[in-house]
Amino acid sequence: MTTAVIFDLDGVLVDSEQVWDDVREALAHERGGRWHERAQRDMMGMSSPEWSRYMHERIGLSESPEEINSIVVERMLARYAAGPPWLPGAVETVRRLAAEFVLGLASSSNRELIDRVLEAGGIADCFRATASSEEVAAGKPAPDVYLEVARRLGVDPRDCTAVEDSHNGIRSAKAAGMRCVAIPNAHFPPGDAVAEADAVVGSLAELTSEVVGG
């Protein structure tokens, strides 16, 4: 029985996957990197140490991974300065489900970005626990960040439903032993991984307590 709902952030609550793509691609071109069409898909779900190392080693930026991470996060915060790019119904959905379930958040975004987004939406207090994949050993599709949120919530992973949009996110949630509801990302579809989800909906408006609870 589902007692906790654990949201992903990017692509589920905020329409930010394209923002990440734009910021990292622009930096790669500025610094003479070798950007390629699979770069964003490769990095989706990676923790900040993982994607910044990817930018250094695979894209070929001369800056250290730590420097790359710092530049990208600073630019992401600047893009969010006027308000995060909320997906339709995101804030309302969080508040609605918080009245029925314990909520957590498992995100690949850096801690500063998670906190900025939740505070901007006035929904930080809706989440009993949040975790960034930079705070665990490995990013998605490894299960680490979902298991960490369940641990912080004090809930068995088998009693959690994850809400995800990406291939790596769906696989991360399922590897953690959780039920998963997919809201496929329009810009970066999850491909074959969508078949691993327990339910698929088209938007947050369809994320009812019945869908979440199974």
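Analyst: A cavity here is a set of points, on a 1 Å grid over the protein atoms alone, where a 1.4 Å probe fits but cannot get out, whereas a pocket is an open set with protein on both sides within 12 Å along at least five of seven lines; lining residues have an atom within 4 Å of a point. The model is a predicted one, in which local features need pLDDT of at least 70 and side-chain atom pairs count only at pLDDT 80 or more, while totals for chains, interfaces and linings use all residues. Residues are numbered from 1 along each chain as its sequence is written, and side-chain values use heavy atoms, with hydrogens and water left out.

The largest cavity holds about 150 Å³ of space, a volume being the space filled by probe spheres set on the points, which are joined across faces, edges and corners. A search of the whole structure finds one cavity of 30 Å³ or more. By class, the lining of the largest cavity has five nonpolar, four polar and six charged residues, where Ala, Val, Leu, Ile, Met, Phe, Trp, Tyr, Cys and Pro count as nonpolar, Asp, Glu, Lys and Arg as charged, and the others, Gly among them, as polar. Helix H1 gives the largest share of this lining, three residues; helices (H or I, at least four residues) and strands (E, at least two) are DSSP runs, numbered from the N terminus.

H1 also takes part in the packing of helix H3, whose buried residues are in contact with H1, helix H2 (39-43) and helix H4 (65-79), contact meaning heavy atoms within 4.5 Å. Those buried residues of H3 are Ser-48, Glu-50, Trp-51, Ser-52, Tyr-54 and Met-55, with buried set at under 20% relative accessible area, exposed at over 50% and partly exposed in between (1.4 Å probe, protein chains only).

The structure holds two aromatic pairs, and rings of Phe, Tyr and Trp (its six-membered ring) pair if their centres lie within 6.5 Å, with planes under 30 degrees apart counted as stacked, over 60 as edge-to-face and the rest as tilted. Phe-7 and Phe-127 form an edge-to-face pair, 6.2 Å centre to centre with 85 degrees between the planes. Because Phe-7 lies in strand E1 (residues 4-7) and Phe-127 in the loop between helix H6 (111-120) and strand E3 (129-132), this pair ties together parts that are 120 residues apart in sequence. Both Phe-7 and Phe-127 are buried.

Trp-20 and Trp-51 also pair edge-to-face, at 5.7 Å between centres and 70 degrees between planes. That pair links distant parts of the chain, with Trp-20 in helix H1 (residues 17-30) and Trp-51 in helix H3 (residues 48-57), 31 residues apart. Trp-20 and Trp-51 are both buried. Arg-24 lies over the face of Trp-51, at 4.9 Å from the ring centre, the condition being NZ of Lys or CZ of Arg within 6 Å of the ring centre and within 35 degrees of the ring normal.
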